[in-house]
Amino acid sequence: MHLLFTATEAFHIEGRGCILVPGIPLDNRTPNLKNGARIRLRTPDGREIDTNITSFEFIRYANRPEHINFPISLPEGIASRDLPAGTEVFLLDET
């Protein structure tokens with residue numbers, strides 16, 4: 001498993017679902033990912049949820065941030081209230 005990022009917040013967007021931020025960093029250590037990539041969510045209390053990335057979200061900043069991250073959306077049925085800050089997002093396979 002490869003740790004992609006640790007969520008600082010989860011929220012819901014109507015029609016999009018649960019969004020995790022800050023998201024996957026854009027750097028040379030991040031594997032190439034596509035919609036549908038299998039991930040594991042591990043909450044701070046140790047609960048694990050195997051799921052997939054539904055899509056990558058794009059957030060426009062007025063000023064270019066020092067680090068660029070792509071928040072991810074999750075399938076229906078995963079509620080933002082169930083993913084507290086500190087939830088770790090792991091890539092299950094890199095194929």
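Q: What is the volume of the largest pocket?

A: This is a predicted model, in which local features need pLDDT of at least 70 and side-chain atom pairs count only at pLDDT 80 or more, whereas totals for chains, interfaces and linings use all residues. Residues are numbered from 1 along each chain as its sequence is written, and side-chain values use heavy atoms, with hydrogens and water left out. A pocket is an open set of points on a 1 Å grid over the protein atoms alone, where a 1.4 Å probe fits and protein lies on both sides within 12 Å along at least five of seven lines. Its volume is the space filled by probe spheres set on the points, which are joined across faces, edges and corners. Here the largest pocket has a volume of about 210 Å³.

Q: Which residues line the largest pocket?

A: Lining residues have an atom within 4 Å of a point. Among them are Ile24, Asp27, Thr30, Phe56, Phe58 and Phe70. The lining divides into 8 nonpolar, 2 polar and 1 charged residues; Pro counts as nonpolar, Asp as charged and Gly as polar in this scheme.

Q: What is the strand order in the open sheet that contains β2?

A: Strands are DSSP runs of E with at least two residues, numbered from the N terminus, and two strands pair if DSSP finds at least two bridges between them. The order is β2-β3-β7-β6, with antiparallel pairing. Since β2 (9–13) and β6 (55–56) each have a single partner strand, one side of each is left without a neighbour in the sheet. Between β2 and β3 there are 5 bridges, and Ile13 stands opposite Gly17 in β3.

Q: How many residues does the largest nonpolar core have?

A: A nonpolar core is a set of buried Ala, Val, Leu, Ile, Met, Phe, Trp, Tyr and Cys residues joined through side-chain atoms within 4.5 Å. The largest one has 18 residues, and Leu20, Ile72 and Leu74 have the most contacts inside it. Two or more residues come from each of β1, β3 (17–25), β4 (38–42) and β8; β3 gives the most, with 3 residues.

Key. Buried < 20%, exposed > 50% of the residue type's maximum accessible area, 1.4 Å probe, protein only. Helix = DSSP H or I, 4+ residues; strand = E, 2+ residues; numbered from the N terminus.
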